[in-house]
Amino acid sequence: MPTPLSCDLAIVGGGLAGGLIALALAKRRPGLDIRLIDAGDAIGGNHLWSFFVSDIAEPDRWILAPLISYGWTRYDIAFPAHRRTLDSIYYSIESERLDTVVRAALPAKAVMTGRKVVELTPTSVLLADGTQIAADGVIDARGPGNLSRLDLGWQKFLGRELSLADPHDDPRPMVMDATVSQIDGYRFVYCLPFAATRMFVEDTYYSDTPTLDHAAIGDRIDSYVVARGWQVERVLREESGVLPVAMGGDFEGYWGSSGLGIAKAGMRAGLFHPTTGYSLPDAVRTAALIVRATDLSGPALHTLTHGFARTTWQDRGFYRMLDKMLFRAADPEERYRVLERFYRLDPQLVRRFYAGRSTMMDKARILTGKPPVPVGRALRAIGLLPTSPMEQTS
Ligand SMILES: Cc1cc2nc3c(=O)[nH]c(=O)nc-3n(C[C@H](O)[C@H](O)[C@H](O)COP(=O)(O)OP(=O)(O)OC[C@H]3O[C@@H](n4cnc5c(N)ncnc54)[C@H](O)[C@@H]3O)c2cc1C
């Protein structure tokens, strides 16, 4: 039997969460011998990750600083009865850049791409090619685990980076254009102006189902682009995603479903914003936590990451309740009204919402005023009134 490779820390899954942990450790604890293992050929796969600077605590921003591809200082939203420009620094990261920066920061032997992991324990990893790795600690960052343990709606999308024949005149990101026809739940188009003749356009749905009809959504992107007066020269890149929007569920069941006692990060740890499905801010927090940890043994890492993920899950009950209202109290074609009302609120409140750091006052403010959904259905959706016989049979 071949001798196992040995290292201090094995990170399984070189996506966003695993890549950020490896990068942060390479910068702040270069003496550690780590392995970042991914089944794909590139760290980060094929993604564009965006975030508001206010999503990331100031002391943690150094982790993302070398990764930023694009940035803007303001963004727009548009609804049938409300348009607004908000001040907020917004950044995008391309996965190609994550791959380049991670490879530059780590010794070549540390980045093991094109290597599928078939088994892992808190201190060992087995690869499909038979290679064994013995590590003081192992972190599972393989993306979503068994999502059937959670009560979910879906945020699904198809995005295309377009090369345009002529310069557009949109200087700011359009984070939500919900003036489009409402189909399959709450629908909006998201546009990022990368350069004078380059535009990223994503068609997004807050839907009851995870099925993504690429052809139909592609046609809708084409129609949107035509309506905006943009002429497409070439599609440079395409990405799609189906992200969980959490209304509830069994956090411990989810955690345990992919191995008890094993440290986890990213989606695998259940670390995502319940309403946006986004995981980048939590991935940064996790990387910062691990960099500061004195004990990187398997059991200590498990205690650390499990505690962080559980507390984060517990603190986010408010967002799951809102998601229930959005999905269960509003008719699908009326869901946009919930967001339209939300975007009339104080920009600081909006920022804290995206960062997952809403205050008690924010929560009260979000819930007060004329509700955009029927009150009875809202109370039933969150379990404060019994379900009516009509709803039970529907
Ligand atoms: C297209 C898209 C765009 C998104 N945009 C944003 C955004 O703008 N902002 C945001 O915050 N969130 C965004 N998200 C949501 C979320 O942040 C991302 O999905 C993020 O990549 C999740 O990070 P992760 O590290 O948990 O998983 P991933 O990034 O998916 O990484 C998991 C990695 O594990 C590897 N892996 C899986 N199984 C194995 C195995 N057996 N052996 C070895 N390797 C394995 C995979 O190859 C993959 O690289 C987006 C998601 C998608 C799909």
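Two bridges connect β11 with strand β12 (residues 186-195), and the two run antiparallel; here helices (H or I, at least four residues) and strands (E, at least two) are DSSP runs, numbered from the N terminus, and two strands pair if DSSP finds at least two bridges between them. Asp177 stands opposite Val189 in β12.

The model is a predicted one, in which local features need pLDDT of at least 70 and side-chain atom pairs count only at pLDDT 80 or more, while totals for chains, interfaces and linings use all residues. Residues are numbered from 1 along each chain as its sequence is written, and side-chain values use heavy atoms, with hydrogens and water left out.

β11 also pairs with β4, in the parallel sense and over three bridges, and Ile77 has Met176 in β11 as its bridge partner. These strands belong to an open sheet of eight strands with mixed pairing, in the order β3-β5-β4-β11-β12-β13-β10-β14. Because β3 and β14 stand at the edges with a single partner strand each, one side of each is left without a neighbour in the sheet. From one strand to the next the twist averages 25°, where axes are lines fitted to C-alpha atoms, for helices over the stretch in contact, and angles run from 0 to 180 degrees between N-to-C directions.

The partner of β3 is β5 (residues 82-94), joined to β3 antiparallel by five bridges, and within this pair Trp49 has Ile93 of β5 as its bridge partner. Helix α9 (residues 347-354) packs on the sheet, where it touches β3, β4 (68-79), β5 and β11 (174-177), and its direction makes about 35° with that of β5; contact means heavy atoms within 4.5 Å.

Turning to the ligand, 28 residues lie around it, and Ala17, Asp38, Ser50, Met267 and Ser279 come nearest, a residue being near if one of its heavy atoms lies within 4 Å. The table lists polar contacts, that is, pairs of N or O atoms within 3.5 Å.

| Residue and atom | Ligand atom | Distance |
|---|---|---|
| Leu48, polar backbone atom | nitrogen | 3.2 Å |
| Tyr278, polar side-chain atom | oxygen | 3.5 Å |
| Ser279, side-chain N or O atom | oxygen | 2.6 Å |

Of the 960 Å² of accessible area that the ligand has on its own, the protein covers 86%, by the Shrake-Rupley method with a 1.4 Å probe. The elements that give two or more residues to the shell are α1 (16-28), β3 (48-52) and β14 (232-249), and β14 supplies the largest share, four residues.

Terms used: Polar contact = N/O pair within 3.5 Å; in protein donor to acceptor, adjacent residues only side chain to side chain.
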